[in-house]
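Please look over the sequence and the three-dimensional structure shown here before reading the report.

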Number of protein chains: 2
Amino acid sequence: MKTYKQLGLAALAAVTIVACKPKGTETAVSGDAAQKVYVAPGKLDEVYNFVSGGFSGQVSVVGLPSGRTIKVLPVFSQHPENGYGYSEETKPMLETSHGFIPWDDQHHLSLSQTNGEIDGRWLFANANNTPRVARLDLKTFKTVEIIEIPNSAGNHSSPFLTENTEYVVAGTRFAVPADGQDDVPIESFKQNFKGYLSFIGINKDSGEMDITFQIEAPGFNFDLSHAGKGKSHGWFFFSCYNSEQANTLLEVNASQNEKDFIMAVNWKKAEEYLKAGKGKKMAVEYAHNKWDEEKHMATSTIKKEVMVLSAEELKDICYLIPCPKSPHGCDVDPTGEYIVGSGKLAALIPVFSFDKIQKAIANKDFAGEFDGIPIIKYESALHGEVQKPGLGPLHTEFDGKGNAYTSHFVSSEVVKWNIETLEVLDRQPTFYSVGHLMVVGGDSSKPYGKYLVAYNKITKDRYIPVGPELPHSAQLFDISGDKMKLLLDFPTHGEPHYAQAGPAELFMKDQVKFYKIDENKHPYVTKGENESKVVRDGNKVHVYMTSIRSHFAPDNIEGIRVGDEVYFHVTNLEQDWDVPHGFAIKGAQNAELLIMPGETATLRWDPKKPGMYPMYCTDFCSALHQEMQGYVRVSPAGSNVPLTYHLNNKKDNAQGPVKQGEVK
Amino acid sequence: MKTYKQLGLAALAAVTIVACKPKGTETAVSGDAAQKVYVAPGKLDEVYNFVSGGFSGQVSVVGLPSGRTIKVLPVFSQHPENGYGYSEETKPMLETSHGFIPWDDQHHLSLSQTNGEIDGRWLFANANNTPRVARLDLKTFKTVEIIEIPNSAGNHSSPFLTENTEYVVAGTRFAVPADGQDDVPIESFKQNFKGYLSFIGINKDSGEMDITFQIEAPGFNFDLSHAGKGKSHGWFFFSCYNSEQANTLLEVNASQNEKDFIMAVNWKKAEEYLKAGKGKKMAVEYAHNKWDEEKHMATSTIKKEVMVLSAEELKDICYLIPCPKSPHGCDVDPTGEYIVGSGKLAALIPVFSFDKIQKAIANKDFAGEFDGIPIIKYESALHGEVQKPGLGPLHTEFDGKGNAYTSHFVSSEVVKWNIETLEVLDRQPTFYSVGHLMVVGGDSSKPYGKYLVAYNKITKDRYIPVGPELPHSAQLFDISGDKMKLLLDFPTHGEPHYAQAGPAELFMKDQVKFYKIDENKHPYVTKGENESKVVRDGNKVHVYMTSIRSHFAPDNIEGIRVGDEVYFHVTNLEQDWDVPHGFAIKGAQNAELLIMPGETATLRWDPKKPGMYPMYCTDFCSALHQEMQGYVRVSPAGSNVPLTYHLNNKKDNAQGPVKQGEVK
């Protein structure tokens with residue numbers, strides 16, 4: 001095998017060569033590619049592709065085969081488009097034990113499964129930087145829950161699911177000392193730093209998450225993971241690098257060992273130990289944030305403890321399988337028999353057999369221990385190796401017909417191979433430097449197949465240029481035939497880190513189109529214009545406001561003073577699909593709201609100087625949208641201008657009566 | 001003409017009918033539409049389409065004919081993707097006289113022009129809510145300047161340009177009392193509220209803006225505007241509604257008059273009066289924010305005065321032209337002779353003649369005055385009326401072949417007509433409720449033509465659904481033939497309010513691909529790894545950090561304490577295109593950075609509790625990206641752990657020497 005230095009130079013050279021390749025040398029696009037990706041006006045895409053936003057912290061919904069980004073869904077970052085992370089109702093979604101985090105790094109997605117098949121209920125997403133897992137409800141496409149992960153940092157091997165969505169996992173990529181015992185010298189790494197794997201239980205009906213237990217494992221970098229399926233249900237597989245346990249200059253120091261590990265975790269056995277009282281209660285702090293669909297608001301609570309099982313002490317829950325070299329992807333085929341480890345510095349792809357792993361465990365066919373955890377002999381676990389697949393293998397997905405597809409970052413290609421025979425069947429270049437790839441349903445026990453998407457890291461010269469900062473990009477391949485065919489390049493939102501996808505009908509069946517105003521239980525809801533009012537409580541002023549085409553009630557307010565905290569609680573009274581209203585007021589530090597029909601949303605405004613502040617609707621809602629406006633007068637602190645407002649009612653009085661505000 | 005109520009009901013009915021139209025009844029798509037919009041992998045789009053983000057506050061670059069969103073450019077909102085509005089360098093760009101505004105509403109765009117033709121230098125954008133104008137440099141596609149507009153609210157009739165980019169204008173949509181005299185009763189509207197039009201001068205070479213003068217005009221709602229061209233150069237035309245001067249329930253109260261106005265402004269004459277000392281100096285406050293390309297940082301300064309000319313006193317700078325009914329769009333044809341006023345409640349489109357307006361002024365052919373401003377007789381200014389164009393005409397652009405294209409919101413269609421003969425030539429439905437439309441170069445004196453894009457307000461059933469909150473959408477038409485042909489639907493970022501476009505070669509010529517490290521004048525730049533250091537100054541800690549594939553220097557830091565303000569000044573040492581690095585540290589309230597090659601960016605971090613905080617690169621940069629990480633140890637306040645760091649240098653010592661931090 002090449003040394004790190006040889007491979008490192010080869011890697012750089014390869015990237016440069018690929019990136020400088022003149023146009024026209026790539027795979028010829030078949031004449032019908034245009035027809036294959038064209039979704040005519042009035043027609044719908046065939047597939048929902050949920051794409052991670054990487055360093056944007058959000059998730060995109062992309063239609064396939066058109067490659068059109070239908071919508072960016074806010075998850076771990078503020079979203080200056082619909083108010084997520086700015087409105088009073090949504091701010092608690094971004095609270096953590098470190099305070100409010102406005103922006104995170106979102107890497108992987110998992111669609112909920114039943115019996116290993118995508119069921120269209122929920123989408124799980126990880127936050128990498130401040131470790132969290134989010135759940136989106138696919139009835140509303142909203143982020144409805146976020147749970148923080150204690151004893152963790154760089155939550156990368158997440159949010160992978162078991163085949164009935166029993167658990168979503170989270171493993172710390174960066175080894176860390178346990179929370180509360182973490183003010184220790186960095187050089188004490190080998191002694192104090194551990195790897196914690198979290199098993200977050202999911203309520204079957206509601207989808208709600210809770211950390212059932214954590215496993216304390218050696219201080220490796222846990223990178224990626226996948227659950228067993230079918231015969232291997234009950235097991236989870238985690239890749240780990242940095243078995244060198246280096247803490248500085250990892251590009252050199254964590255690339256020394258020829259093999260690192262895949263760790264096989266028997267989570268059914270771990271459950272038994274937990275029931276048997278073998279867990280230790282650890283004092284930690286983590287936020288658990290939930291969206292209330294009836295109140296239209298989030299709450300954030302801090303939880304204080306977690307149950308931890310020791311892999312060192314409980315010897316038969318974790319086993320290490322040697323895997324060359326700095327393993328990254330760790331993928332399980334649809335049958336559950338094969339576990340594919342992709343060493344990002346390896347020149348081959350090892351495929352492990354679940355049956356062989358079980359046999360090796362039964363026979364104690366071990367090559368030693370690491371921190372008390374048995375190491376299964378490489379050959380004993382191995383089904384076989386894919387020889388010369390490409391350089392820098394990263395991730396593998398499956399088409400359900402016995403084929404595997406592996407992305408290769410360094411040689412910038414997708415390689416198709418047979419899972420049984422390990423024979424390479426096809427290879428296609430990507431432009432450029434593919435990271436993850438995805439087959440539609442390719443992470444389930446019943447892949448849909450048909451399309452493969454490569455998510456690339458380098459874009460230069462693929463699109464009209466936009467200065468130093470370029471978009472990231474994806475490439476759509478037709479995999480219905482023997483050979484893969486490149487159909488389309490499409491740019492993406494953020495970094496398209498990973499993605500999952502399923503046929504459209506799975507996600508279209510139970511969607512909410514608007515919220516019923518009668519069911520709105522927001523504490524400041526205003527269910528009709530006649531209920532609108534303005535209430536002063538000390539320096540807090542609550543405006544109970546309605547919006548309907550094409551006016552706000554009230555639309556003129558006086559008696560606000562500098563030093564007040566003004567809360568506009570705006571209820572959108574519309575009761576039809578696709579009639580949002582917006583709300584903005586000049587100078588507001590939180591600036592804007594976007595309110596769906598039947599919903600209430602709140603903008604806090606702390607006016608800084610006296611003046612006349614217009615407010616208006618920001619979502620073009622009707623022919624008279626431009627007339628949907630009003631004024632708020634702000635007087636100096638201590639002013640005695642009385643609190644009044646116009647409560648407009650077209651039926652009643654076009655000028656609107658001037659009413660007195662309530663003062664508590 | 002229909003009364004408001006009749007038209008209002010018709011409007012609603014029409015929207016409903018259109019939205020419920022069964023699929024398949026729309027214009028048949030010609031068989032070659034797929035080929036016409038397909039941009040094969042490796043090929044580039046033909047046209048740059050700059051699209052407003054509406055309530056997102058940003059601007060998108062869309063490629064045509066593919067309809068692919070290439071990149072979202074942050075302008076008036078925070079951007080949790082590249083750090084705009086979060087990094088220390090970019091925060092000043094969002095400062096205003098009301099403090100930091102994280103999010104605004106971006107409506108219109110103008111590409112800079114020379115002799116009425118797009119020159120590819122700058123893009124101007126307006127902020128509607130807290131009134132501002134931004135300038136983007138099209139060498140870097142960065143927002144490089146933002147100027148706030150005093151005496152204004154709802155900066156809607158902006159940022160339209162004169163034909164040599166002498167001025168960009170801003171007119172207050174909401175009439176307001178003058179700044180500093182604005183704590184007055186709302187019912188004193190007719191007495192105290194005015195309309196201010198700002199003429200912002202632009203430096204020919206640098207593009208820098210400054211408010212040259214404002215015109216104080218009556219308290220109407222100034223809505224849209226366009227400059228004269230060719231023969232009408234020296235004039236500007238502003239549409240205005242609410243000539244009723246209502247302040248509540250405008251959908252009724254501002255829809256009473258059969259005609260409102262277009263105001264023609266002789267800005268060359270205004271310049272003369274300014275030179276002659278006829279302006280009044282007014283005390284105001286407005287922010288002026290500039291990006292320094294060498295220092296890679298922004299500054300914000302508050303300016304304190306503005307020169308104001310009175311339209312009432314200086315009688316020959318403003319003239320009112322009656323225009324039916326609640327005029328919205330105000331568009332000037334490529335020759336500069338025709339001014340098209342689109343009354344959003346009108347059932348016809350009046351076209352005014354510049355020559356006739358001049359003649360009427362010379363002959364004092366007036367129908368009276370409004371607040372001292374002459375009203376030109378409607379018939380005297382009129383070239384003619386387009387009869388029965390559609391319902392709810394909004395905006396018009398031109399193809400340079402004598403044709404005009406007008407969007408109709410209520411009847412949801414685009415109508416093509418002849419500017420000279422006023423004959424309707426074609427009409428095509430839009431799906432649904434089109435707002436602005438755009439012809440490539442259609443706002444210049446030399447349109448490129450070929451494509452028209454309709455920017456729609458309602459989307460339901462056009463894309464795979466995503467719950468209550470749907471994307472907005474655009475539709476691409478081929479206008480190269482006699483009849484318009486619908487080619488493609490594509491979803492957009494935010495609300496695609498308006499757009500401008502030009503052929504790709506205009507924007508590709510002078511782009512910056514990366515920043516030269518030698519020219520970086522950031523005060524905390526680190527130009528090589530050996531210059532990296534950590535400096536404590538009281539409770540402020542400055543980390544001079546470098547990033548290069550695939551490590552940070554330093555990558556281990558100890559001696560940070562709770563209560564410190566830590567500034568990571570990260571310099572990306574790469575010197576090639578498309579090699580950004582990211583930076584994130586666990587728990588950071590500002591979370592992340594994205595740093596282009598040669599640039600320095602700063603993340604402020606206030607650690608809240610002791611612990612071990614990993615940091616890592618968030619932009620997949622190399623085969624060993626996953627190894628690009630480090631640790632920061634935070635000790636309790638008052639701790640005496642010494643300030644140290646690892647300064648890694650592969651050439652020197654793989655483990656890296658541990659160095660002492662400087663303490664000032």
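The report below starts with chain A as a whole and then turns to individual residues.

## Overall form of chain A

The model is predicted, and every description that follows should be read with that in mind. The secondary structure of chain A consists of 8 helices and 46 strands. Its C-alpha trace spans about 85 × 65 × 45 Å when it is laid along the principal axes.

Among contacts in chain A with a separation of 6 or more, 62% are between residues 24 or more positions apart. Of the 664 residues in chain A, 72% are buried.

## Surface and charge of chain A

Chain A exposes about 19,500 Å², and carbon and sulfur atoms supply 50% of this area.

## Aromatic pairs

Over all chains, the structure holds 68 aromatic pairs. One of these pairs is formed by Phe199(B) and Phe238(B), whose ring centres are 6.4 Å apart and whose planes stand at 70 degrees to each other, an edge-to-face arrangement. Phe199(B) belongs to strand S11 (residues 195–202) of chain B, while Phe238(B) belongs to strand S14 (residues 235–241) of chain B, so the pair ties together parts that are 39 residues apart in sequence. Both Phe199(B) and Phe238(B) are buried.

In chain A, an aromatic cluster includes Tyr167(A), Phe199(A), Phe213(A), Phe220(A) and Phe222(A). Phe236(A), Phe238(A), Phe261(A), Trp267(A) and Phe370(A) also belong to this cluster.

Ser407(A) is placed in strand S26 (residues 403–408) of chain A. Its relative accessibility is 0%, and therefore Ser407(A) counts as buried. When neighbours within four places in sequence are left aside, the residues in contact with Ser407(A) include Gly392(A), Pro393(A), Leu394(A) and His395(A), as well as Val434(A), Gly435(A), His436(A) and Leu437(A). Ala276(A), by contrast, is 131 residues from Ser407(A) in sequence, and the two C-alpha atoms are 43 Å apart in space.

Ser444(A) sits in the loop between strand S29 (434–439) and strand S30 (451–456) of chain A. This serine, Ser444(A), has a relative accessible area of 2%, and it is therefore buried. Although Ser444(A) and Asn115(A) are 329 residues apart along the chain, their C-alpha atoms are separated by 9.1 Å. With neighbours within four places in sequence left aside, Ser444(A) is in contact with Gln113(A), Gly116(A), Glu117(A), Ile118(A), Lys229(A) and Pro334(A).

## A loop residue that touches both chains

Ile101(B) lies in the loop between strand S5 (99–100) and strand S6 (106–114) of chain B. Because its relative accessible area is 0%, Ile101(B) is buried. Not counting residues up to four places away in sequence, Ile101(B) touches Gly587(A), Ala588(A), Gln589(A) and Ala591(A) in chain A, together with Phe76(B), Leu94(B), Thr96(B), Thr130(B) and Arg132(B) in chain B. One of these residues, Thr130(B), is 29 residues from Ile101(B) along the chain, and their C-alpha atoms are separated by 8.2 Å.

## Backbone details in chain B

Two peptide bonds in chain B deserve a careful look. The bond from Arg549(B) to Ser550(B) is cis, with omega near 5 degrees, and Ser550(B) is placed in the loop between strand S35 (540–548) and strand S36 (551–553). Ala553(B) and Pro554(B) are also joined by a cis peptide bond, for which omega is about 0 degrees, and Pro554(B) is found in the loop between S36 and strand S37 (556–561).

Which residues other than glycine have a positive phi? Asn151(B) is one, with a phi of about 55 degrees, and Asp578(B) is another, with a phi near 65 degrees. Asn151(B) lies in the loop between strand S9 (142–148) and strand S10 (167–171) of chain B, and because its relative accessibility is 0%, Asn151(B) counts as buried. Asp578(B) is in the loop between strand S38 (565–572) and strand S39 (581–585) of chain B, and with a relative accessible area of 9%, Asp578(B) is buried.

Note on methods: Residues are numbered from 1 along each chain as its sequence is written. Chains are lettered from A and ligands numbered from 1 in the order in which they are written. This is a predicted model: local features need pLDDT of at least 70, side-chain atom pairs count only at pLDDT 80 or more; totals for chains, interfaces and linings use all residues. Side-chain values use heavy atoms; hydrogens and water are left out. Helices (H or I, at least four residues) and strands (E, at least two) are DSSP runs, numbered from the N terminus. Buried means under 20% relative accessible area, exposed over 50%, partly exposed in between (1.4 Å probe, protein chains only). Contact means heavy atoms within 4.5 Å. Accessible areas come from the Shrake-Rupley method with a 1.4 Å probe; for residues, only the protein chains shown count as cover. Rings of Phe, Tyr and Trp (its six-membered ring) pair if their centres lie within 6.5 Å; planes under 30 degrees apart count as stacked, over 60 as edge-to-face and the rest as tilted.
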